[in-house]
Amino acid sequence: MLDYGDITGETTDAIVNAANERLAGGAGVDGAIHRAGGPTIMAQCRKIGGCPTGEAVITTGGKLKAKYVIHTVGPIYRDGTKGEAKLLQSAYKKSLELAREKGLQSISFPAISTGIYGYPLDEAAHLALNTCIEFVRGNTDIKLIRHILFSSKIYDIYSTQLKMLV
Ligand code: ADP
């Protein structure tokens, strides 16, 4: 389901972070999650060391209400011919697979790659929703997938794309 707001307040089992390959923290949703979750998240990120684009890793949720943070790395959008779509789909899918492996039932996603990484919003929303819908069709373990959209503009784009998909 879609919601509007700040992902750091989510009470799902896990929230997903739009991280970078070095897991170094940064601006945007990444910075917000580390600020709200406290230093244990970064300590675990340092131990893990990094995460290639399209992959996902998991840490504690620290002080967050969510028990876990799944850090995934979406692609930097260049011109759409550099495998961006596959990498963005993979970021969602690997995050969901990790949640399933951990036995989690609920997960919240931000709009990965749509900030600093510059992915066009319509296509990013379509890929995010389509990948999640396909995933839950093949598996009943995860009961709730929330997409937390940080602006009314992105929320409206997700709503439009969702109507086209279901
Ligand atoms: P990326 O580098 O993957 O583009 P960003 O953090 O720059 O990541 O942006 C990803 C999306 O997360 C953007 O749509 C941005 O508006 C949104 N965002 C930023 N802060 C938050 C937050 N606290 N909660 C949810 N979404 C957020």
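# Briefing: helix packing and aromatic pairs

Helix H3 is followed by Gly103, a residue with a positive phi, near 75°. The structure described here is a predicted model. A search of the whole structure finds two aromatic pairs, and one of them involves Tyr92 of helix H3.

**Helix H3**

- Helix H3 runs over residues 84-101, and its 18 residues should span 26 Å at 1.5 Å a residue; the C-alpha atoms at its ends are 26 Å apart, in agreement with that expectation.
- The buried residues of H3 include Glu84, Leu88, Ser90, Ala91 and Tyr92.
- Further along H3, Ser95, Leu96, Leu98 and Ala99 are buried as well.
- In an α-helix there are 3.6 residues a turn, so residues three or four places apart point the same way.

**Packing of H3 with H4**

- The axes of H3 and H4 are 9 Å apart, and the two helices pack at an angle of about 35°.
- Their crossing is right-handed.
- From H3, the residues that meet H4 are Ala85, Leu88, Gln89, Tyr92, Lys93, Leu96, Glu97 and Arg100.
- From H4, the partners are Glu123, Ala124, Leu127, Ala128, Thr131, Cys132 and Phe135.
- By class, the contact of H3 with H4 holds nine nonpolar, two polar and four charged residues.
- Leu88, Tyr92 and Leu96 take part in this contact and are also among the buried residues of H3.

**Packing of H1 with H2**

- Helix H1 (residues 28-37) and helix H2 (residues 39-48) have axes that come within 6 Å and cross at roughly 120°.
- H1 contributes Ile33, His34 and Gly37 to the contact, while H2 contributes Pro39, Thr40, Ile41, Met42 and Cys45.
- Five of the residues in the contact of H1 with H2 are nonpolar and three are polar, with no charged residues.

**Aromatic pairs**

- A pair of aromatic rings is described by the distance of the centres and the angle of the planes.
- The search of the whole structure gives two such pairs.
- Tyr77 counts as partly exposed because its relative accessibility is 22%, whereas Tyr119, at 2%, counts as buried.
- In the other pair, the rings of Tyr92 and Phe109 have centres 4.8 Å apart and planes at 45°, so the pair is tilted.
- Tyr92 belongs to helix H3 and Phe109 to strand E5, so this pair ties together parts that are 17 residues apart in sequence.
- Tyr92 is buried, with a relative accessible area of 0%, and Phe109 is buried with a relative accessible area of 0%.

**Two loop residues**

- Ser113 lies in the loop between E5 and H4, and its relative accessible area of 5% makes it buried.
- Beyond its neighbours within four places in sequence, Ser113 is in contact with Gly74, Pro75, Leu88, Gly118 and Tyr119.
- Asn139 is placed in the loop between H4 and strand E6 (144-149) and counts as buried, at 7% relative accessibility.
- Asn139 and Ala99 are 40 residues apart in sequence, and their C-alpha atoms are 12 Å apart in space.

How values were computed. Residues are numbered from 1 along each chain as its sequence is written. This is a predicted model: local features need pLDDT of at least 70, side-chain atom pairs count only at pLDDT 80 or more; totals for chains, interfaces and linings use all residues. Side-chain values use heavy atoms; hydrogens and water are left out. Helices (H or I, at least four residues) and strands (E, at least two) are DSSP runs, numbered from the N terminus. The expected span of a helix is 1.5 Å times one less than its number of residues. Buried means under 20% relative accessible area, exposed over 50%, partly exposed in between (1.4 Å probe, protein chains only). Rings of Phe, Tyr and Trp (its six-membered ring) pair if their centres lie within 6.5 Å; planes under 30 degrees apart count as stacked, over 60 as edge-to-face and the rest as tilted. Axes are lines fitted to C-alpha atoms, for helices over the stretch in contact, and angles run from 0 to 180 degrees between N-to-C directions. Contact means heavy atoms within 4.5 Å. Ala, Val, Leu, Ile, Met, Phe, Trp, Tyr, Cys and Pro count as nonpolar, Asp, Glu, Lys and Arg as charged, and the others, Gly among them, as polar. A crossing is left-handed if the near helix is turned anticlockwise from the far one by less than a right angle, and right-handed if clockwise.
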